[in-house]
Amino acid sequence: MELDERKVKILKAIISNYLETGESVGSRTISKYTDEMADLEEMGYIIQPHTSAGRIPTDAGYRFYVDQLMDEKEEFAEVAKQERDTLLERVDRMEVLLKQVAKVLAYNTNYATMVTAPNYEKTVKFIQLSLVDEKTLLAVIVVEGNIIKNQMIHINVSLDNEDVLKFNILLNTFLQGASLEDINLEMIQAMKKQSGGYGEILDQIFQGIVEAIHEAQELEVYTSGATNILKYPELGDISKTSELLEKLEDKNEVSHLLEETTGKTNESGIQVYIGDETPSLKDCSLVTATYQMPEGAKGTIGILGPKRMDYKKVVSTLKNLTIELDEIFKKGEGVNENGQ
């Protein structure tokens, strides 16, 4: 059985109505289209959830709508401009920019949003030690992607500013450009030989730095608007909503979900996952886009909402936003080169 023009128009009308109102199409409304409705139901595009209820789209119906029926228009250009104006406010660190992206998208779409930082290989760019007091150091470690980690390091002996300067020179000489995999026993022994009898102190400093680099290697995820999902009655089941909110609060859950979509993009860089296409979020839809840094590192932006989300607006907004982000990164407008 194929979808002829009449069935396509009826399916589009049903889905458009449900996306806008959240209400099923009742029998009175569709009485003169009984045959077509029966065919659409048999083909799996619509369903009657209860005998007394009207028809609503199935996951297959939404998929047909997104792939075949959705008109992408530039009607959201003004929204994109507002996003660009906000994003182009001067920010000094990547994490600040990406937090703004998540916040702006959540506000403009009324859905939950999530953004991953670019997946750089985390090599050390710079290390700065400074004295907090005689036996406490603050280590500021800048890794690739201008990710900054601060680490308090407690030591067993007193140091002065001259000692700290020597450690700064030593650490940057050996560690600049190194990844965690590059740091081996041979390198540590070579550093100890040049530490002027401060090998034990170097061990303590080194341990704190390695911990900070480990943290930087974890995929950073920024979320916003998680409570927006409470606005949609179809996601109102307490147990399901609680589970969904817990997932959005778990950085590992979110990063795993978004990592699965990286690289699976179509020409526009947009992917739409509906219902069972994301088994852990089968009551929702997830729309993702990939942005790319000039060096080739990629990150993912995701918008999560009910299956009756406004796909046209979400896709259009994401497409415009990723274009703007690419421009920001190419021009170096959004992120201070030193990340400080």
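Author: A salt bridge is a side-chain nitrogen of Lys or Arg within 4 Å of a carboxyl oxygen of Asp or Glu. The model above is predicted, so local features need pLDDT of at least 70 and side-chain atom pairs count only at pLDDT 80 or more, while totals for chains, interfaces and linings use all residues. Residues are numbered from 1 along each chain as its sequence is written, and side-chain values use heavy atoms, with hydrogens and water left out.

Reader: How many salt bridges does the structure hold, and what distance separates N from O in the one between R63 and E277?

Author: Side chains of opposite charge can pair when their charged atoms come close. The structure holds 10 salt bridges, and in the one formed by the side chains of R63 and E277 the N to O distance is 2.6 Å. This pair links distant parts of the chain, 214 residues apart, with R63 in helix α4 and E277 in the loop between β8 and β9; helices (H or I, at least four residues) and strands (E, at least two) are DSSP runs, numbered from the N terminus.

Reader: Why does E277 count as partly exposed?

Author: Buried means under 20% relative accessible area and exposed over 50%, with partly exposed in between (1.4 Å probe, protein chains only). E277 counts as partly exposed because its relative accessibility is 39%.

Reader: Which helix holds both E5 and K9, and are the two residues buried or exposed?

Author: E5 and K9 both lie in helix α1, and because they are 4 residues apart there, about one helical turn separates them. Their side chains meet in a salt bridge at 3.6 Å, N to O, and both residues are exposed.

Reader: How should I read the nonpolar core, and which residues have the most contacts inside the largest one?

Author: In soluble globular proteins, nonpolar side chains tend to be buried together. A nonpolar core is a set of buried Ala, Val, Leu, Ile, Met, Phe, Trp, Tyr and Cys residues joined through side-chain atoms within 4.5 Å. The largest one here has 48 residues, and those with the most contacts inside it are V287, I301, Y311, L318 and L325. Among the elements that each supply at least two residues of this core are α1, β9 and α12, and α12 gives the most, with 8 residues.

Reader: Which residues does L318 touch, leaving out those up to four places away in sequence?

Author: Taking contact as heavy atoms within 4.5 Å, and not counting residues up to four places away in sequence, L318 touches L105, I270, V287, T288, A289, I301 and I303. A second, separate core of 28 residues includes L129, L170, L175 and I183.
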